[in-house]
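The points below may be read alongside the model.

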Amino acid sequence: MPDPDLSSQEQAQERPQAQTQEAVREQSIVVERHATGAVVIWLNRPERLNALGVAMVNDLLATIEQALTEKATAIVLRAKGRAFCAGADLKERQTMEEAARHAHNRAINAAVNVLAAAPVPTIAVINGLALGGGCELALGCDIRIAAASAMIGLTEARIGAIPGAGGTQRLPRLIGISRALDMMYSGEPVTAARAQDIGLVNLCVEDDGLDAAVMRYMEVLGSRSPAAASTLKKVVYEGVEMSLAGGLERERQALSAIFGSADYAEGLAAFAEKRPPQFSR
């Protein structure tokens with residue numbers, strides 16, 4: 001329910017920030033490629049709480065599309081500074097004509113949708129605030145890992161709007177209609193612990209354990225078959241839009257293809273030989 005002590009999305013974005021060396025970096029997106037095979041995409045606009053301005057959204061979309069060409073074992077979305085993402089840049093939005101506001105919203109949608117459609121596992125690592133479009137970015141990922149201090153919510157009600165980058169559809173599918181409507185009606189964020197309780201995040205960890213938790217997850221995914229993970233993701237997301245019978249048939253078709261795959265043969269051999277499998281990438 002509403003908490004009058006919580007500041008609004010716009011107030012959070014407008015709060016003055018300390019001018020550290022990191023806060024004045026030129027790149028709005030930073031990319032790291034890990035030995036695990038994961039591509040880590042960092043939002044890097046900490047002086048604006050990683051708010052989604054026009055240039056940053058365009059950079060993010062291009063970066064995700066590039067990562068999808070690299071045979072990554074996972075795409076991990078993280079953020080520099082003390083917030084994951086405070087949502088659309090309302091300071092920029094305020095100065096826009098209506099057509100530009102529509103274009104900005106379409107660009108945010110495009111970034112979220114490309115992330116959601118990625119054929120590899122996607123992970124949002126939430127530190128600090130994940131509000132509005134920032135929450136919708138996280139909802140576009142398969143897995144969400146949050147620091148204990150994180151606050152997560154669809155806050156558009158505070159400015160007389162509704163979520164416009166998938167939040168009205170993805171949140172109810174994740175946590176149920178009533179809980180989702182409660183969050184969206186009030187516009188109030190929830191704590192990471194509450195988010196874990198209602199299924200909004202998969203894992204809530206202490207702030208100083210966030211990096212280690214993410215690395216462990218990337219290592220696990222890096223040890224699995226990328227082809228099997230991609231098939232699994234496709235079957236699950238297609239199946240939930242079908243009847244149970246249709247989904248089960250889709251599963252049987254996918255498993256039939258896997259039985260003849262090189263990775264399945266390698267997995268069986270590794271099991272028999274009591275060694276870790278070496279799956280193809």
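1. In this predicted model, a nonpolar patch on the surface is formed by Leu 232, Val 236, Tyr 237 and Val 240. Together these four residues have about 400 Å² of accessible area.

2. One member of the patch, Val 236, belongs to helix α10, which spans residues 226-239. The relative accessible area of Val 236 is 43%. Val 236 is therefore classed as partly exposed, since that class lies between the buried limit of under 20% and the exposed limit of over 50%.

3. Tyr 237, also part of the nonpolar patch, is among the residues that lie nearest the centre of the largest pocket. Leu 139, Arg 170, Arg 173 and Leu 174 are likewise listed as nearest that centre.

4. The largest pocket has a volume of about 440 Å³, and 14 residues line it.

5. Which helix supplies the largest share of the lining of the largest pocket? That share, three residues, comes from helix α6, covering residues 167-175.

6. A separate site concerns Glu 65, which is located in helix α2 (residues 54-67). Is Glu 65 buried or partly exposed? Glu 65 is partly exposed, because its relative accessible area is 42%.

7. Glu 65 and Trp 42 stand 23 residues apart along the chain. The separation between their C-alpha atoms is 14 Å.

Notes. Residues numbered from 1 in each chain as written. Predicted model: local features only at pLDDT ≥ 70, side-chain atom pairs only at ≥ 80, totals over all residues. Heavy atoms only, no water. 1 Å grid on protein atoms, 1.4 Å probe; cavity = no way out; pocket = protein on both sides within 12 Å on 5 of 7 lines; lining within 4 Å. Points joined across faces, edges and corners; volume = space filled by probe spheres on them. Helix = DSSP H or I, 4+ residues; strand = E, 2+ residues; numbered from the N terminus. Patch = residues over 30% accessible without salt bridge, like charges linked within 9 Å, V, L, I, M, F, W, Y side chains within 5 Å. Areas by Shrake-Rupley, 256 points an atom, 1.4 Å probe, with all protein chains shown as cover. Salt bridge = Lys/Arg side-chain N within 4 Å of Asp/Glu carboxyl O. Buried < 20%, exposed > 50% of the residue type's maximum accessible area, 1.4 Å probe, protein only.
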